[in-house]
Amino acid sequence: MSRKKKVILIAVIAAAAVLAAVYIAMAMYYRNRFLPGTTINSVSCSGMTTAEAEDALVNESDIYVLTLIEREGEVEEISGSDISLEITFGDELEALLEQQNSYAWPAKLFYGESVKAESMIVYDEDELDNALEKLICMDESQMTDPENAVLSDYTEETGYELIAATEGTRLDEKKFRAAVAAAITGLQSELDLAESGCYVEAEYNEESGKALNMLDTANQYVDTTITYEFGSSAEVVDGSLISQWILVDDDMNVTLDTEKMAEYVAGLADSYNTTGQSKTFMTSYGTTVTVPGGNYGWKIDQESTLAALSGYLENGENYTGDVVYSQTAASHGDTDYGNTYVEINLTAQHLWFYKDGNLVVESDFVSGSVAAGNSTPTGAYRISYKQKNAVLRGQGYASPVSFWMPFNGGIGLHDASWRSSFGGTIYKTSGSHGCINLPYSAAKAIYNSISSGDPVLVYTLAGTENTSVTAEAADNSSANAVVDAINAIGTVTLESSSAIINARGLYDALSESDRAYVTNYGTLQEAEAAYAALVAQHEAEAAAAEEAAAQEAARQEAQSQAQTVISAIDAIGTVTMDSSGAISSARSGYDALSDTAKEYVTNYSILTAAESTFAALQAEQAQQQQEAQQQQEVQQQQEEEQQEEEQPEQQGEQPETE
């Protein structure tokens, strides 16, 4: 090694030795001092002994001030002197010193260590309470409450939006006192009340799940569109209206104001219900009359409509169509009765029935008796239902009718076979109990074409009085002849055919107008029905008799066939091995019978017993044959064995050959 290298090596070793000596010396130095970068309760104690650290901490407590940084930029202070802040030591500093590693001093030059010694800080808690009570931020009158996030006002462009929660200045006193105590114990110089969570926060802010759900639900409601159609008119339920029905409670639950919704539905009913309202009507006379209110017209089922509306909104379902009606009419508008209706002029005692605008029936009638106080009420009504062969009952009467069409409670249209004439002024003194009495044919024609729910418009019209119908009916000889022919039928029997055919022919030959005066047409129809029933009964009885005769013939044939088999079975007699032919013949005869004939074979059990006995005999014979065969085979075997035993003896007796 050269001299130069030796010098360098010696220098390096010397430097290392110096560094090692310095490192060890500093480690020994920090055995009794706090390492570089050490802060205790926010006071720098780097390189200090415990005594020096104690003095530093004491000095810090003498000048200690806690600055409170409040919301809205306010700042307040609490000084150590206000609360008699002191530091007590005990063994706390020595314990902290013992916990440190003095050999780690080089690393601490680059990053220090902050430690707390909470037990070292003491203060007067009562004085702290007094100091806190004097703070402006603790003044109840100065506090403002936080406000939850809320929905904005509804707009067609954006719907609803969330308005952010408002931060208040109301302190959570428990958290505030705890945060101040912790700051003083740690000798913190500042305490940001907002960052430390000392304020009462809004329960729901704009990021809360509840608030976001509230926003989504409200927007779902207002994004729904319901269009109710009323003929050519429509009512639209959209966001501008729905937003008036939205309620939000303190827990951010969104509901619908059903009271306001019910008011809306009630408004629809007020606007579009026509039941009970007067109707302007163009009569068959070309004169316009006002028909007073009755039970005909549109009627909204408000409860069901409200339920359906709530369902559309809850499901976010758009809808276009009708409201829910408890009663419908033919059309919307002033003429809700449409072009199918019964027009009844009480003054003229005359009615018209139009179907799809075409006249179907026109007839006189008899309405309620004026003298008896049973006048038929005017109004717009609807056919409640239809019923054939009803019995109308009231105080002191029970009237059977063929066609019953009530339209106003117990008042309705029906035939009246007990009347011989209609129209005129009959109703004034000899009218009905309120119903519209019609000729049979007119009632039938109306019944066959009218439907439940069709309108009936009842009115009076001065100047249309009709007094000629009764005389016309009395002079109608053609109709009277038919009435007499029908009455001549009498009790219906199988011999009534000619009388019924005659009456029917006379009736069918009448004009439509003359038929209206055949007051007993129902009797003819009943006679025809009764005769048809008698003919059907007679034919049924004849068919039944023929069927019975056929069944008896079949039964006798079956018995005859069975008797042959019975004789064959009886011929079997005692079963022996020679009975095979008799048994087979009886079995073949039985199997060839029909099921019915087999039921008449009374000795079938003898056949089955004979078959069983013969089978047993066959089995016994076979057993005997088998045993005889086996015995024969044994005997043959024995003979063969004996022959084999005798053969050597015979060979021994033969002479030897030289």
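Predicted model: local features only at pLDDT ≥ 70, side-chain atom pairs only at ≥ 80, totals over all residues.
Colleague: Is Gln349 buried or exposed?
Modeller: Buried means under 20% relative accessible area. Gln349 has a relative accessible area of 0%, so Gln349 is buried.

Colleague: Asn389 has a positive phi too, so is Asn389 buried or exposed?
Modeller: The phi of Asn389 is near 50°, and Asn389 is a residue other than glycine. Asn389 sits in strand E24 (residues 387-394). A residue counts as exposed over 50% relative accessible area. Because Asn389 has 60% relative accessibility, the word for Asn389 is exposed.

Colleague: How many aromatic pairs does a search of the whole structure find?
Modeller: A pair of aromatic rings is described by the distance of the centres and the angle of the planes. Searching the whole structure for aromatic pairs gives a total of 19.

Colleague: Take Trp245 and Tyr264: what is the angle between the planes in this aromatic pair?
Modeller: The rings of Trp245 and Tyr264 are 5.5 Å apart, centre to centre. Planes under 30 degrees apart count as stacked and over 60 as edge-to-face, with the rest tilted. This pair of Trp245 and Tyr264 is tilted, and the angle between the planes is 55°.

Colleague: How many residues apart in sequence are the parts that Trp245 and Tyr264 tie together?
Modeller: Trp245 lies in the loop between helix H8 (239-242) and strand E13 (246-248), while Tyr264 lies in helix H9 (residues 258-272). Trp245 is buried at 2% relative accessibility, and Tyr264 is buried at 16%. The pair therefore ties together parts whose separation in sequence, in residues, is 19.

Colleague: Which kind of aromatic pair do Tyr285 and Trp352 form?
Modeller: Their ring centres are 5.3 Å apart, and the planes of Tyr285 and Trp352 make an angle of 85°. Planes over 60 degrees apart count as edge-to-face. The pair of Tyr285 and Trp352 is edge-to-face.

Colleague: Which strand holds Trp352?
Modeller: Tyr285, the partner of Trp352, lies in the loop between strand E15 (279-282) and strand E16 (288-291), so the pair ties together parts that are 67 residues apart in sequence. Tyr285 is partly exposed, at 36% relative accessible area, whereas Trp352 is buried, at 7%. The strand that holds Trp352 is E21 (residues 350-355).

Colleague: Over the face of which residue does Lys386 lie?
Modeller: Lys386 is placed 4.6 Å from the centre of a ring. The ring under Lys386 belongs to Tyr447.

Colleague: How many disulfides does a search of the whole structure find?
Modeller: A disulfide is a covalent bond between the sulfur atoms of two cysteines. There are buried cysteines here, including Cys45 at 0% relative accessibility and Cys435 at 10%. Even so, the number of disulfides found in the whole structure is zero.

Colleague: What separates the C-alpha atoms of Ile300 and Ser326?
Modeller: Ile300 is in strand E17 (residues 299-300) and is buried, at 4% relative accessibility. Along the chain, Ile300 and Ser326 are 26 residues apart.

Colleague: One last topic, the surface: what accessible area do Tyr23, Ile24, Met28 and Tyr103 have together?
Modeller: Tyr23 lies in helix H1 (residues 3-29) and is partly exposed, with a relative accessible area of 31%. Tyr23, Ile24, Met28 and Tyr103 form a nonpolar patch on the surface. Together they have an accessible area of about 360 Å².

Terms used: Residues numbered from 1 in each chain as written. Heavy atoms only, no water. Patch = residues over 30% accessible without salt bridge, like charges linked within 9 Å, V, L, I, M, F, W, Y side chains within 5 Å. Areas by Shrake-Rupley, 256 points an atom, 1.4 Å probe, with all protein chains shown as cover. Salt bridge = Lys/Arg side-chain N within 4 Å of Asp/Glu carboxyl O. Helix = DSSP H or I, 4+ residues; strand = E, 2+ residues; numbered from the N terminus. Buried < 20%, exposed > 50% of the residue type's maximum accessible area, 1.4 Å probe, protein only. Disulfide = S-S within 2.5 Å. Phe/Tyr/Trp six-rings, centres within 6.5 Å; stacked < 30°, edge-to-face > 60°. Lys NZ or Arg CZ within 6 Å of the ring centre and 35° of its normal.
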